[in-house]
Amino acid sequence: MYEISFYQNTLTVLIIIVSFIIVCLVGCRKKSDFKVVTALFVWHTLFSIIYYLYSLANVADATLYYARSVVGERTYFYPGTPFVNSFSSILSQGVDASYLNTTLLYNFLGTLGLVFLHLSIKRYLKAFPWYWVFILFIPSMSFWSAGLGKDAISFFATCLFLYAVSTSKKSLLLVALAFFAMFMVRPHIAFIISVSYIIYFIIRSKVHFIFKMFILPVIGIGVFLSVGFVQQYVGLDEASLDSVNSYIDQRQGYNQRGGSSLDIASMSYPMQMFTYIFRPLPFEASSAVSLVTSLENTILLLLFIYILFKSKFNLRPFVQDKNLWLFTYVFLTCSILAMTTANLGIATRQKWMFMPVLIYLLIHTFHNYKINKVYR
């Protein structure tokens, strides 16, 4: 599992080289992109090594995923943990890869996600000072998307979804790929992508009213058929308001052991949202890891406040055109997770399923403000 041999070392080098070539092919549209993409690759791979070492010294799902992938059967198309086990087996069983080399496969997906985020915001960053590019180098974003597990795949899916919607290049194919990737690890989040699209389609989609009336029942049937599976996956007894309320109450009581847990049941909805996105803050840090996280959260909070004040609270860009789809996804995902996650450690890891989209919306809004200010 952890052996170091000539074969495994050769495989390590091969995976890194192939990953770097593919990342450059995807991310380098101009010569000027090479430096940023290379920096992102090195940065993310460094965090993959850190995550690998961290998982060896601490209790982590990643080592369990790998162990199961070595001996387990391959059930590629069953969502959740079975898919992660099977996907990992592509290397662990296919080429007898070590835990490190299998981790590097997930690092490749996480790096691709980071590159897609860069491609989504780089046209806006050109209007900002050079140091804004460091928004791509948030440590937690790379750390949690660099390890073997669901987070790397969900981060990749989120950033691919963002890129597809924000650039409108082959969006249908890329959104379908992003949806599939998300569905295979977190079906309930993929379901939110679908619901968000329905809301966008009804309100903003620039298609004829008659076509909307024709296509909406088709979309509705698809969503209805998927409700049962999502309900079973998340553990809802039945698809009713009472069952949802009971589920939320139950989830709010989970994971309340340890220093990073909070009583979210006593919080208001806005406070739950704030807690999920921006806490812990520096004065709440209880360890070196939480201190780093709290500093990141402080930067994100200041960025959020700065852009809101600079833009004079004009949030219209958040819901313009396809941004409505993105904003609805962020709002629904954050709301559900904020109301059901009592542990800040879990929140720090899982919020990167929507934070890249929120960062894009903030940067897009600020860019819109700066452009309007110039031509005012």
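Me: Among contacts in this protein between residues at least 6 apart in sequence, what percentage join residues at least 24 apart?
Reply: In this predicted model, where a contact means heavy atoms within 4.5 Å, 72% of the contacts between residues at least 6 apart join residues at least 24 apart. Local features need pLDDT of at least 70 and side-chain atom pairs count only at pLDDT 80 or more, while totals for chains, interfaces and linings use all residues. Residues are numbered from 1 along each chain as its sequence is written, and side-chain values use heavy atoms, with hydrogens and water left out.

Me: How many of the residues count as buried, as a percentage?
Reply: Buried means under 20% relative accessible area, with a 1.4 Å probe and protein chains only, and 51% of the 376 residues count as such.

Me: Why is the contact of H4 with H5 described as having no charged residues?
Reply: Val-84, Phe-87, Ser-88, Leu-91 and Ser-92 in H4 meet Asn-101, Thr-102, Leu-105, Tyr-106 and Leu-109 in H5. By class this contact has 6 nonpolar and 4 polar residues; because Asp, Glu, Lys and Arg are what count as charged, the contact has no charged residues.

Me: What does pLDDT say about residues 237-252?
Reply: On pLDDT, the predictor's confidence in each residue from 0 to 100, the protein averages 83, yet residues 237-252 stay under 50. Where pLDDT is low, the predicted coordinates should not be read in detail.

Technical notes: Buried means under 20% relative accessible area, exposed over 50%, partly exposed in between (1.4 Å probe, protein chains only). Helices (H or I, at least four residues) and strands (E, at least two) are DSSP runs, numbered from the N terminus.
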